[in-house]
Amino acid sequence: MSCKFDVIVVGCGIAGLSAAVSAAEANASVAILERATVDERGGNTRWTEAFMRMKNENEVADDFEDHFMANAGFNLDPSLVAETAQPYRDWSAIVKALSFADPELVATLAREAGPTLAWLKTAGIRFSDMASYLITQSTTRICPVGGGLALIDALADQAEQLGVTFFYETTLEDLLLEAGTVAGIRANSKTERGLELRGRVVLACGGFEGNAEMQSLYYGEKARYIRPVARGGYYNRGEGIRVALAAGAAPCGDFSEYHAEPIDPRSGQSEPIVFAFPYGILVDAHGKRFVDEASYTVDAIYENIARLINKLPGGIAYLICDSQLDKVPNWQRTVRSDQKPITADSVEELANKLAMPSDALAATVDEFNAATVEGQFKPLELDGLATRGLTPPKSNWGLPLNSPPFRAWPVISANCFTFGGLRCNTNAQVLDHDGRPIPSLYAAGETMGLYYGRYTGATSVLRGAVYGRIAGQHAAQPKPS
Ligand SMILES: Cc1cc2nc3c(=O)[nH]c(=O)nc-3n(C[C@H](O)[C@H](O)[C@H](O)COP(=O)(O)OP(=O)(O)OC[C@H]3O[C@@H](n4cnc5c(N)ncnc54)[C@H](O)[C@@H]3O)c2cc1C
């Protein structure tokens, strides 16, 4: 079967639905493909609380662009970076195609965040600064009431009302290329292989966190221990990125890294994070500490800690706390595992239950306790209650672990989403290796690469909404520039 639409959107998460709705609002005929069933549509977006790095509904957080620019790439050539001070049209081809956090893309994301939230409100979405699992924070965040699922349901309803055609359980397999232009896509559904849909294409089908082979290719050994942080990630198998790269798209975003979250491996819940580590110690499977558990607020350090955990023997660490954890108001919000902690009345007993050398863990706890100092414990602010003479130090919340019962959670590093994707311009057009738009090809959300180094937290849903909406608007034009 072959069908013709103005715009074909691949993926039914925040990026794809934003693209489909905005294209349909511009009177384009729109098709949207989704690999999952209607009940599981929405990929990662379905499972997220969708925090957004905003001060309020109109303005991004004060550190928004600075954080991106501090993580724009590694060892960037300053002569190339200097070119970005010129108007975009004057950038050389190598800068237009450069793999880095393009300041034009970041500025557009920041500028369009407020208007995009206002647009989402027209679909019935409401925002709040609801209580979060981040009981200490370094920035400001808001989120949609009902989280990502509310975004999916509201936008899908709107897309249906606007006459968008949905193809569920239908998977993008390849792009149709004709005379250097993208003419559409080829897909497989439950009932038909080789289904052809013709039209301009918006790739919004996530990253490759659900593809073990691609993760091994890009990450090497560290891929072994990671898994998607929630069920939606398993649907994102990287086809959008793979077919576009094969068609000559330039890559962008750090292909060697992912947004890492520390989770309890025993839990099958969505995002079973273990964020209580600033109030205890983290040890490896040999009972040794390996990191400052409280160098800053938890939101600023959890990703790096999760990456370090991935490199430990077996890719696993253990959070050890004692009963003083109960001095932390609402600490329960910081652990979303449905599995109970392993408890014991002594450190040795706890080590035995963790199949860890008990003398090693006892020595670690003794050494840690000896390095703690008297001082005021203020659990909800950086209290500077630091250890003395300990390597690695613990910089805040350094109470001794001497108050049984002891409790422990195993922690692994999960892949929230992948960083590597496609190089795009501010119209969300996919660029080739010469920085020129590939005609009729767009990308948004995780499929668009943007992140390097430390993830600028609470910006991935925003990226999907902002660039999905832009992609839909641009692709809907009768003759996109
Ligand atoms: C538990 C969790 C918590 C998170 N918390 C936050 C947060 O608070 N703030 C934030 O900004 N980000 C957060 N993130 C990240 C963020 O949710 C995602 O990066 C973002 O929602 C991705 O949107 P997307 O539209 O690009 O992809 P997705 O929402 O993953 O959608 C991609 C869609 O494409 C479909 N698909 C994939 N391959 C194909 C194919 N070949 N053919 C057809 N369809 C296909 C998938 O089924 C899926 O429906 C979180 C993620 C998770 C999982």
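The model is predicted. The domain assignment divides the protein into domain 1, made of 2-257 + 419-476, and domain 2, made of 260-414. A ligand is surrounded by 47 residues, and helix H12 supplies the largest share of that shell.

**Domains**

- The centres of domain 1 and domain 2, taken over C-alpha atoms, are separated by 35 Å.
- In the contact of the two domains, 19 residues come from domain 1 and 24 residues from domain 2.
- On the side of domain 1 that touches domain 2, 10 residues are nonpolar, 4 are polar and 5 are charged.

**Shell around the ligand**

- Of the 47 residues that surround the ligand, the closest are Gly11, Gly13, Gly43, Thr45 and Gly445.
- At least two residues of the shell are supplied by each of H1, strand E2 (30-34), strand E6 (170-178), strand E14 (406-418) and H12.
- The share of H12, 4 residues, is the largest.
- By class, the shell consists of 20 nonpolar, 19 polar and 8 charged residues.

**Helices H1 and H6**

- Helix H1 spans residues 14-25 and helix H6 spans residues 147-161; their axes come within 9 Å and cross at roughly 25°.
- Angles under 35 degrees count as roughly parallel, and H1 and H6 are therefore roughly parallel to each other.
- The crossing in which H1 passes H6 is left-handed.
- From H1, the residues Ile14, Leu17, Ser18, Ala20, Val21 and Ala24 take part in the contact, and they meet Gly148, Leu151, Ile152, Leu155, Ala156, Gln158 and Ala159 of H6.
- This contact of H1 with H6 comprises 10 nonpolar and 3 polar residues, with no charged residues.

**Helices H5 and H12**

- Helix H5 (residues 103-122) packs with helix H12 (residues 460-476) at an angle of about 85°, and their axes are 9 Å apart.
- Angles of 65 to 115 degrees count as roughly perpendicular, and H5 and H12 are therefore roughly perpendicular to each other.
- Leu109, Glu112, Ala113, Thr116, Trp119 and Leu120 are the H5 residues in this contact, where H12 contributes Leu462, Arg463, Ala465, Val466 and Arg469.
- The contact of H5 with H12 has 7 nonpolar residues, 1 polar residue and 3 charged residues.

Methods: Residues numbered from 1 in each chain as written. Predicted model: local features only at pLDDT ≥ 70, side-chain atom pairs only at ≥ 80, totals over all residues. Axes fitted to C-alpha atoms, helices over the stretch in contact; angles between N-to-C directions. Parallel < 35°, antiparallel > 145°, perpendicular 65-115°, else oblique. Left-handed = near helix turned anticlockwise from the far one by under 90°. Contact = placed C-beta atoms within 7 Å. Nonpolar A, V, L, I, M, F, W, Y, C, P; charged D, E, K, R; others polar. Near = placed C-beta within 6 Å. Domains from an automatic or database assignment.
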